[in-house]
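Subject: Structure handover

Hello,

Here is the structure for your files. My notes on what was found in it follow below.

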Amino acid sequence: MKYKNQADNTFCVSLPRAIDRREHFSKQCEKRDFKYTFFEGVDGHKITDMEGNSFGRNKLTKDNVLIHDNNLLFKYVPHTVKEINNHSMNVYQICSAKSNLMLYEQLVKDKNHDVYFLFEDDFIMNDNFTNENIDKIVTDLPDDFDACFFSVTHAHRAKLPKEKQITENLYKV
């Protein structure tokens, strides 16, 4: 499988008001001749409850319904929002998840590509992040892969079992 970087298969989830982040991401891409399209995420600043009250970083309760641009974004239903480390998701975390889900729904309908790259607007590309290296990584992926997560942390690598290693820098999790 070969990855060909094009603006219609490489997306950066971002908010239009995040001008500094967009500029930083754009500069990184320009330096590498890397094509992309910004995908507008759900803005947590525009989220209200049924009465129009802003949520901010408040945690959700069982009675919360989130509204975005007069449309239902999320209704809390028990067991649909998992608590992680005894913390419920806040509105911004839900907006981030919903933004990614909206993008996934769009990509599932697209029949033009087998591989997509999705970024957050705060992603930092190191010097090894080139089209050639990305193509090598995609080529090394197993046929049954669903997602490939890029990270700069090496702390987790030491904890991964050797049988999960596919190549020097690629692990199946």
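The count of aromatic pairs comes to 10, where rings of Phe, Tyr and Trp (its six-membered ring) pair if their centres lie within 6.5 Å, and planes under 30 degrees apart count as stacked, over 60 as edge-to-face and the rest as tilted. One of them is the tilted pair of Phe25 and Phe119, at 5.5 Å centre to centre with 55 degrees between the planes. Phe25 belongs to helix H1 (residues 19–31) and Phe119 to strand S6 (residues 117–120), so this pair ties together parts that are 94 residues apart in sequence. Helices (H or I, at least four residues) and strands (E, at least two) are DSSP runs, numbered from the N terminus.

This is a predicted model, in which local features need pLDDT of at least 70 and side-chain atom pairs count only at pLDDT 80 or more, while totals for chains, interfaces and linings use all residues. Residues are numbered from 1 along each chain as its sequence is written, and side-chain values use heavy atoms, with hydrogens and water left out.

Phe25 is buried at 0% relative accessibility, and Phe119 is buried at 4%; buried means under 20% relative accessible area, exposed over 50%, and partly exposed in between (1.4 Å probe, protein chains only). Phe119 also forms an edge-to-face pair with Phe34, at 5.9 Å centre to centre and 80 degrees between the planes. Phe34 sits in the loop between H1 and strand S2 (37–40), 85 residues apart from Phe119, and Phe34 is buried too. Ring pairs join Phe25, Phe34, Tyr36, Phe38, Phe117, Phe119, Phe123 and Phe129 into a cluster. Over the face of Phe38 lies Arg22, 4.3 Å from the ring centre (the rule is NZ of Lys or CZ of Arg within 6 Å of the ring centre and within 35 degrees of the ring normal).

On to charges. The whole structure holds five salt bridges, each a side-chain nitrogen of Lys or Arg within 4 Å of a carboxyl oxygen of Asp or Glu. Arg21 and Asp121 form one of these, with the closest N and O atoms 2.8 Å apart. Arg21 is in helix H1 and Asp121 in the loop between S6 and helix H3 (131–140), so the bridge ties together parts 100 residues apart in sequence. Arg21 is partly exposed at 43% relative accessibility, whereas Asp121 is buried at 6%. Asp127 is exposed, with a relative accessible area of 64%, and Lys31 is exposed at 63%.

Asn5 is buried, with a relative accessible area of 10%. Leaving aside neighbours within four places in sequence, Asn5 is in contact (heavy atoms within 4.5 Å) with Thr10, Asp33, Phe34, Lys35 and Asn131.

For the chain overall, there are three helices and eight strands, in the order β-α-β-β-β-β-α-β-α-β-β from the N terminus. Buried residues make up 35% of the 173 residues.

Regards
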